[in-house]
Amino acid sequence: GVSQGLINHHFKGKEELLVCVYDVLTAFLVETVEATRKPPFDPAHRLIMLIDANFDLVGSGSSQLRAWLALWGEISANPDLRELHKERYAEFKSAIADSVAAVAAARGKTIDANTVAMMLVSLIDGLWLESRLDPDALSPKAARSACIEFLEDRLGPLSDKTRLADVG
């Protein structure tokens with residue numbers, strides 16, 4: 001319901017509009033990353049919250065899915081969008097890697113936290129997409145559980161509360 005003239009008034013072109021849309025859609029995730037850096041969040045709880053933030057990200061409607069697919073498709077062609085994506089990806093991966101390293105260190109485990117973080121982000125992206133394409137085949141709750149199980153295979157139990165939340 002917005003005219004092209006109004007869009008042209010606020011944005012220099014489609015590329016700038018897409019950067020703004022991506023920025024708005026990822027703001028919740030950025031806020032979660034920042035919020036979990038502060039007490040009372042221990043590293044294990046932080047990992048769970050970062051996973052949850054992805055599956056809560058901007059709802060699950062078909063218009064949101066189409067927006068994400070369009071944005072992902074534009075990242076390689078739009079240098080400004082690619083730069084913002086690179087920055088957000090690095091922030092998120094770093095938050096996960098820091099938490100993985102902290103949990104592993106507290107448990108006396110040796111782990112390549114950056115590789116685990118990269119694997120988890122890839123797992124989240126794939127499961128998020130599948131759970132949005134067909135929630136009957138893969139629910140967001142089952143996708144979330146798979147991500148937590150992946151981490152627990154490497155780190156051990158993250159929280160008894162996590163398992164109770166999965167059952168309920």
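**Salt bridges and a helix crossing**

Reader: What does D23 count as, by relative accessibility?
Author: At 34% relative accessibility, D23 counts as partly exposed, a class between buried (under 20% relative accessible area) and exposed (over 50%), with a 1.4 Å probe and protein chains only. This is a predicted model, in which local features need pLDDT of at least 70 and side-chain atom pairs count only at pLDDT 80 or more, while totals for chains, interfaces and linings use all residues. Residues are numbered from 1 along each chain as its sequence is written, and side-chain values use heavy atoms, with hydrogens and water left out.

Reader: Which residue forms a salt bridge with D23?
Author: R88 does, with the closest N and O atoms 2.5 Å apart; a salt bridge here is a side-chain nitrogen of Lys or Arg within 4 Å of a carboxyl oxygen of Asp or Glu. The pair links distant parts of the chain, R88 being in helix α5 (residues 79-106) and D23 in helix α2, 65 residues apart. Helices are DSSP runs of H or I with at least four residues, numbered from the N terminus.

Reader: And R88, buried or exposed?
Author: R88 is buried, its relative accessible area being 14%.

Reader: How many salt bridges does the count come to?
Author: Three by this rule. One of them joins the side chains of E74 and K14 at 3.6 Å, N to O. Because E74 lies in helix α4 and K14 in helix α2, this pair ties together parts that are 60 residues apart in sequence. E74 is partly exposed at 21%, and K14 is likewise classed as partly exposed, at 49%.

Reader: What about D52, which residue is its partner?
Author: D52 pairs with R144, the closest N and O atoms being 2.4 Å apart. D52 is in helix α3 (residues 43-56) and R144 in helix α7 (residues 140-155), so parts 92 residues apart in sequence are tied together.

Reader: Switching topic: at what angle do α2 and α4 cross?
Author: The axes of α2 (residues 14-35) and α4 (residues 62-74) cross at roughly 125 degrees and come within 11 Å, each axis being a line fitted to C-alpha atoms over the stretch in contact, with angles running from 0 to 180 degrees between N-to-C directions. The two helices are therefore oblique to each other, the class left over once under 35 degrees is roughly parallel, over 145 roughly antiparallel and 65 to 115 roughly perpendicular.

Reader: Which residues of α2 and α4 meet there?
Author: K14, L18, V21, Y22, L25 and T26 in α2 meet A67, W68, L71 and E74 in α4, contact meaning heavy atoms within 4.5 Å.
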